Amino acid sequence: MSLTGRGTRKKKSSLLRKLMVLIVILLVILLAVIALWYLLAGRLPKPIPTPPGPERPNAQPASCPDVQVVVVPGTWESSPTDDPYNPTANPASLMLNVSRPLQEQFEPSRADVYTVPYVAQFSNPIAFPPDGQQSYNNSRGAGTAATNDILIRRHAECPLTSFLLTGFSQGAVIAGDVASSIGAGDGPVPADLVLGVGLIADGRRDPAAATNVGRPVTGVGAELSLAGLQIPGITMTGPRPGGFGDLTDRAVEICAPTDGICDAPAQALKPSNWIGSGLRLLEYNNNPVHAMYNSYVVDDSGTTATQWIAGWAAEKIEAAPTPAHS
């Protein structure tokens, strides 16, 4: 064998080794970038069970409302600095059509209507450059913490006050998750103090977990449809374990047909369902129904979704007990 041949093979071997080293370095960098992507996008916080409080007194301070209404707006309809009693972050926020009528109907001493201020964002995980929005996981985690906070603070100050929870879209997921923890006995307030839970376009809607108001829909919440899917900052958590537990008989859901947030195909990721799920995608393309619940009619009387929730909440407030004052 000539020296020239051996030299050529050595050069090829050296180039191959360098190429392999380069590939390994690139793989390490790629893995580091993916890990950083997931880390920065955020994960859903684990719920922290709340220990039971002391025995309730026979009366509470006169400054306490009889009922605490907690309203959780949807994506892009709130901000962490918004005024919980006069929200202006988004003047078109759907839940204003529930909170304002209740504020007009009841004195604050009867019903304190508190709109949870939180991030309310949903970033595009593949946007480049990043779109500057908080991830769904981070936003949802912040909203859950803020919702728990008002419930914990109010119950500590006013142990006899009743509660009513309502929310839309991402806010419905948050309100529903908090209600689920309450119904399971490890939430921020006792279940017997909750008058009701009213959710519009809940991304974790399980048709069997609550009373459904309006036209029947064949699908489920998107988080049930895509259960197990994890994209940086977006975790599809599936159904709520145990549904609403002790609050099942007090939970109501409104979902418009073809709203992909709450009327998504069941088990969409199952290979045998791909064709059917793909066909349903045509229903969601350029479909504005998710933004139209203020005009979506739910009964023969022409009542819209927001009117129904506001009326339902008003009935709950009117029937709520009036605690004695100390």
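Helices (H or I, at least four residues) and strands (E, at least two) are DSSP runs, numbered from the N terminus. Burial goes by relative accessible area: buried is under 20%, exposed is over 50%, and partly exposed is in between, with a 1.4 Å probe and protein chains only. The model here is predicted, so local features need pLDDT of at least 70 and side-chain atom pairs count only at pLDDT 80 or more, while totals for chains, interfaces and linings use all residues. Residues are numbered from 1 along each chain as its sequence is written, and side-chain values use heavy atoms, with hydrogens and water left out.

Spanning residues 274-284, helix 6 has Ser277, Arg280 and Tyr284 buried. Looking down the axis of helix 6, the buried residues fall within an arc of 65 degrees (taken from the directions from the helix axis to the C-beta atoms), so they line one face of the helix. Just past the end of helix 6 comes Asn286, with a positive phi of about 55 degrees.

Two loop residues also have a positive phi. Ala120 is not a glycine, yet its phi is positive, at about 55 degrees. Ala120 sits in the loop between strand 2 (111-115) and helix 3 (136-157), and counts as buried because its relative accessibility is 0%. Ser169, another residue other than glycine, has a positive phi near 55 degrees. Its place is the loop between strand 3 (162-168) and helix 4 (170-183). With 8% relative accessibility, Ser169 counts as buried.
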